[in-house]
Amino acid sequence: MKGIFYIFIKLIFFMNFILFDGPYRNALRPFTHTRPIADIRVGILTVREKWETYLGSTTTTVTEQYLSEKFPMVESLENVMINGAYLPNRDLVEMVLNLGKNEAIFQDQVAVAYKVTKNQKSINFKDFKIK
């Protein structure tokens with residue numbers, strides 16, 4: 001029970017979730033011409049709605065500049081970046097919630113999720129602990 005409470009407190013007070021388009025954006029055109037990958041409907045829910053349900057939190061998006069007014073990004077002191085092309089499941093969400101600063105989750109050399117701070121000037125995955 002202590003573990004669930006700790007994750008809940010950590011989630012509510014410290015984590016900001018940002019979905020990013022990643023390398024699959026162009027392959028998903030024309031769907032991604034008017035929306036981020038996370039806003040593509042997969043069944044009844046969008047990818048974003050699936051993540052928000054699992055996380056119990058809202059998300060924002062990093063996407064193409066011409067879409068950023070309609071889909072603005074909100075940045076916090078600590079941010080968990082999640083590839084919007086990946087659908088959540090219990091195992092992946094647990095891994096995401098347990099990410100520490102400068103830790104990343106990769107699949108086949110594609111970033112699935114990583115945690116950064118607002119003050120980080122650049123992201124070099126060579127400096128990250130890969131899970």
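The model is predicted: local features need pLDDT of at least 70, side-chain atom pairs count only at pLDDT 80 or more, and totals for chains, interfaces and linings use all residues. Residues are numbered from 1 along each chain as its sequence is written, and side-chain values use heavy atoms, with hydrogens and water left out. The chain has 131 residues, of which 40% count as buried; buried means under 20% relative accessible area, exposed means over 50%, and partly exposed lies in between, with a 1.4 Å probe and protein chains only.

**Overall architecture and confidence**

- The secondary structure of the chain comprises 3 helices and 8 strands; helices (H or I, at least four residues) and strands (E, at least two) are DSSP runs, numbered from the N terminus.
- Read from the N terminus, the order of the elements is α-β-β-β-α-β-β-α-β-β-β.
- Among contacts between residues at least 6 apart in sequence, 66% join residues at least 24 apart; contact means heavy atoms within 4.5 Å.
- The average pLDDT of the chain is 83, and 89% of the residues score at least 70; pLDDT is the predictor's confidence in each residue, from 0 to 100.
- Among the elements of the chain, the lowest mean pLDDT, 53, belongs to helix 1 (residues 2-14), while helix 3 has the highest, 95.

**Packing of helix 2 against helix 3**

- Two packed helices are described by the angle between their axes and the distance between the axes.
- Helix 2 (residues 47-55) and helix 3 (residues 90-97) pack at an angle of about 70°, and their axes are 10 Å apart.
- Helix 2 is therefore roughly perpendicular to helix 3; angles under 35 degrees count as roughly parallel, over 145 as roughly antiparallel, 65 to 115 as roughly perpendicular and the rest as oblique.
- The axes are lines fitted to C-alpha atoms, for helices over the stretch in contact, and the angles run from 0 to 180 degrees between N-to-C directions.
- The two helices, helix 2 and helix 3, cross in a right-handed manner; a crossing is right-handed if the near helix is turned clockwise from the far one by less than a right angle, and left-handed if anticlockwise.
- On the helix 2 side, Trp51, Tyr54 and Leu55 take part in the contact, and they meet Arg90, Leu92, Val93, Val96 and Leu97 of helix 3.
- The residues of this contact divide into 7 nonpolar, no polar and 1 charged; Ala, Val, Leu, Ile, Met, Phe, Trp, Tyr, Cys and Pro count as nonpolar, Asp, Glu, Lys and Arg as charged, and the others, Gly among them, as polar.

- Val74 lies in the loop between strand 4 (59-62) and strand 5 (78-83), and Val74 is partly exposed, with a relative accessible area of 46%.
- Leaving aside residues up to four places away in sequence, Val74 touches Asn16, Ile18, Thr60 and Asn79.
- Val74 is 15 residues from Thr59 in sequence, and their C-alpha atoms are 8.5 Å apart in space.
- Ser76 also belongs to the loop between strand 4 and strand 5, and Ser76 is partly exposed at a relative accessible area of 29%.
- When residues up to four places away in sequence are not counted, Ser76 touches Asn16 and Lys118.
- Lys118 is located in the loop between strand 7 and strand 8 (129-130) and is partly exposed, with a relative accessible area of 43%.
- Although Lys118 and Ser76 are 42 residues apart along the chain, their C-alpha atoms are separated by 6.2 Å.
- Beyond its neighbours within four places in sequence, Lys118 is in contact with Glu75, Ser76, Leu77 and Asn79.

- Thr46 is part of strand 3 (residues 45-46), and Thr46 is buried, with a relative accessible area of 6%.
- Not counting residues up to four places away in sequence, Thr46 touches Ala38, Asp39, Ile40 and Arg41.

- Asp108 lies in the loop between strand 6 (103-107) and strand 7 (110-117), and Asp108 has a positive phi of about 50° although it is not a glycine.
- Asp108 is exposed, with a relative accessible area of 69%.
- Gln109 is found in the loop between strand 6 and strand 7; the phi of Gln109 is near 65°, a positive value in a residue other than glycine.
- Gln109 counts as exposed, at 78% relative accessibility.
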